[in-house]
Amino acid sequence: MTQTFKFGFIGLVLFYVYSPIFVLMVNSVNGSRYGNKWQGFTFKWYEKLFENDALMQAAWHSLVVGITSATAATVIGTLAAVALQRYRFYGKGAVSSLVFVSMLTPDIVMAIALLILFVTLGIELGYISLLIAHITFCLPFVIISVFSRLKGLDMSVTEAARDLGANEWQVFSKIILPMILPAVASGWLLSFTLSIDDVIVSAFVTGPGYEILPLKVYSMVRVGVSPEVNAISTLLFVGSVVLIVISQLLLRYKRK
Amino acid sequence: MNMQINQFRFWAIGLATSWLALFVLVPSLMVLVTSFLTRDPDFLIRFEFSLDGWRSVFDPSFISLLWDSLSMALITACICLAIAYPFVMCLMSLPSKWRPIILFLLIVPFWTNSLVRIYAIQYLLGKKGLINDAMLGIGLIDKPLDLLYTPFAVIFGLSYILLPFMILPIYSAMEKLDLRLLDAAKDLGANAAQRLWRITLPLTLPGIVAGSLMVILPAMGMFFVADLLGGSKHALLGNVIKNQFIQTRDWPFGAALSVLMIILLSFMLWLYYRATKLSNRQGGINDSDF
């Protein structure tokens, strides 16, 4: 294999990966409704988007679910990672395998499992059910992100702190937390993007009273072409990319 | 003070454990139980043992649909593998400072909304879409092809969405490959094809199996891909499950289908363990070898 061929192949795959997104972005500022011909630059789809109250409300709901579920998942996940790394306890192996299983379980299986649970417990499908579901599928990602950071740290500092009389909470809040903060923040951002982008689980566990953005977009694109979708997709894409870049930078960030 | 020590420990362990037990373990068991219950028109399910759900799974008309979905998922995995494996090999031969950057560029789009990206593929594959336009333009075809709403479109969309799930495990398997083995084989006269077939492939087999696992299972569940690209004719297992839960309201059948997916997951995990064992035996260097 020659060098040109290798770069060519890598370039081709990257082109394949980016071209649909590029088409969406171009069409979001394209005057043509059906987006097959270029008919001049326009912002009218963005204007229409911001005038679409139902869509804006769905976006607001998504934001609320995203922020609350990412925060809860980060708190629970960080504590879980610390517990898995620091403590021995009964059922530790079972907890690790549950984390592993919940990451590998296909979304659709998790979705119906939670739906059955909610219906059995009589939890109304809406904000609360969405929140629980989103926390559940974000949790393993936070745990793994924080856990791998913990593994790379020198834990003798915590033993020193214990010897000097710090209790577990002080060790956690004054020593461990500052050291793992980049991974915690990265886990939050990751959870937030996962939550904002989820279609499969949300489709099952939300009710008609609480519409969120991906499902609203889904119902719009099912009935046909709507250029506002290009605009909202472009915004979603740019937003996700910004968050992911920040989260990756945080993971690489090393304390001096 | 002792109280406080235990309190932190208690919450750290208790919170996650109870969350996972309540929202992962219990619901999974409930799916299993539901698949053996009786369907009820008014209350969805009745607590009465029945095999109706499982009988529907083994209904011949459904088996053919299941087969269609499975074969689409398998073809998707093959396409992903065909792109991912050479891609990773090209990547590995680049200077190591380039690798994370290219890998990152590849991963970025996949953290964005998959629904939106499938919608974009509708643009590409449509009658007046870019692919038809391009092929008409260079005179490859006379009239636009029906690309959308075919199994081809569904497979195209699935392999597009799931490609990174094949690339990442293969990449991490390839990273662990001991390059000295390849040098030794070269010195002993093995040509490039022999080195690939006898060394690289067997040693990266766990990566291939892990990648396939992460492609095949979601490929059977992504109902929105079949909805948007396949029309109503080319349904995936995910569409059937969704219908049972949201429209037809046959919960035992839908639950049985989910159990089926979990069985498939366990089978592939078992394959993964076998592959890891195999690659260790076939000359991979382990700590235990010393």
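1. Helices (H or I, at least four residues) and strands (E, at least two) are DSSP runs, numbered from the N terminus. The model is predicted, so that local features need pLDDT of at least 70 and side-chain atom pairs count only at pLDDT 80 or more, while totals for chains, interfaces and linings use all residues. Residues are numbered from 1 along each chain as its sequence is written, chains are lettered from A in the order in which they are written, and side-chain values use heavy atoms, without hydrogens and water.

2. In chain A, residues 229-251 are 100% helix and 0% strand, with end C-alpha atoms 32 Å apart. Residues 171-190 of chain A are likewise 100% helix and 0% strand, and their end C-alpha atoms are 26 Å apart. Both spans are among those that UniProt lists as "transmembrane region" in an unreviewed entry; such annotations may be inferred rather than shown by experiment.

3. For chain B, UniProt (unreviewed entry) places "domain: ABC transmembrane type-1" at residues 66-272. That span is 78% helix and 0% strand, and its end C-alpha atoms lie 23 Å apart.

4. Contact (heavy atoms within 4.5 Å) joins 80 residues of chain A to 77 residues of chain B. The two chains bury about 7400 Å² between them, 82% of it on carbon and sulfur atoms; buried area is the accessible area (1.4 Å probe) that two parts lose on being put together, summed over both.

5. One salt bridge (side-chain nitrogen of Lys or Arg within 4 Å of a carboxyl oxygen of Asp or Glu) is found across this interface. Arg222(A) and Asp227(B) form a salt bridge at 3.1 Å, N to O. Helix α1 (residues 3-28) of chain A contributes 15 residues, the largest share of the side of chain A that touches chain B.
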